[in-house]
Amino acid sequence: MDIKKSKPPSWRFLFSHPAHLVACGFGSGLSPFAPGTVGTLFAWATFYLFRPWLGDLALLAVFIACFVIGVAAVHKTGADLGVVDHGSIVWDEIVPFWLVLLFCPAGWLWQTAAFLLFRFFDIVKPQPARYFDTRVKNGFGVMTDDLFAGVYTVLVLQGALFLLS
């Protein structure tokens with residue numbers, strides 16, 4: 001089955017198991033158009049629910065827990081959909097982009113650059129992201145390939161910040 005053209009599951013599916021709700025980004029992954037981008041936008045919007053209440057270390061701990069929970073949720077949802085990395089599974093975009101925003105310089109311009117870079121690296125999948133995308137066919141592989149997109153994004157942003165300062 002082609003991942004990019006996978007039909008989004010129903011709202012009924014979304015609420016049939018807590019793992020589906022998490023893996024499908026609380027409904028953001030049900031978008032019929034560019035669910036990965038919609039999931040990343042969801043991450044950007046929801047980051048501000050956490051930011052005022054938690055410091056950097058607490059946020060990092062929460063996001064690591066979300067990654068671990070995501071591995072199981074994504075694996076269960078992929079198995080139930082019959083496609084390991086179904087297009088509606090967007091938790092793998094959400095958690096890494098939260099991490100990107102945690103390490104992103106302040107300001108909407110930096111965050112817009114982060115968003116564009118993250119989407120670029122998520123689509124292009126430079127190694128080792130491609131390895132996890134093509135060879136590790138489980139929840140860990142799905143989550144980890146996007147984690148690398150986040151790492152590349154942070155590295156580029158920090159490099160740009162260094163060059164501009």
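**View 1. Val156 in helix α8.** Val156 is found in helix α8, where helices are DSSP runs (H or I, at least four residues) numbered from the N terminus. In this predicted model, local features need pLDDT of at least 70 and side-chain atom pairs count only at pLDDT 80 or more, whereas totals for chains, interfaces and linings use all residues. Residues are numbered from 1 along each chain as its sequence is written, and side-chain values use heavy atoms, with hydrogens and water left out. Val156 is partly exposed, with a relative accessible area of 36% (buried is under 20%, exposed over 50%, partly exposed in between, for a 1.4 Å probe and protein chains only). Leaving aside neighbours within four places in sequence, Val156 is in contact with Leu117 and Phe121, contact meaning heavy atoms within 4.5 Å. Val156 and Ala113, 43 residues apart in sequence, lie 9.8 Å apart in space, C-alpha to C-alpha.

**View 2. The start of helix α8.** At this start, a side-chain oxygen of Asn138 reaches to within 3.0 Å of the backbone nitrogen of Phe140.

**View 3. Helices α3 and α6.** Helix α3 (residues 35-50) and helix α6 (residues 108-124) pack at an angle of about 150°, their axes being 11 Å apart; axes are lines fitted to C-alpha atoms over the stretch in contact, and angles run from 0 to 180 degrees between N-to-C directions. The contact is made by Gly36, Thr37, Thr40, Leu41, Trp44 and Tyr48 of α3, together with Gln111, Thr112, Phe115, Phe118 and Arg119 of α6.

Conventions
Helix = DSSP H or I, 4+ residues; strand = E, 2+ residues; numbered from the N terminus. Polar contact = N/O pair within 3.5 Å; in protein donor to acceptor, adjacent residues only side chain to side chain.
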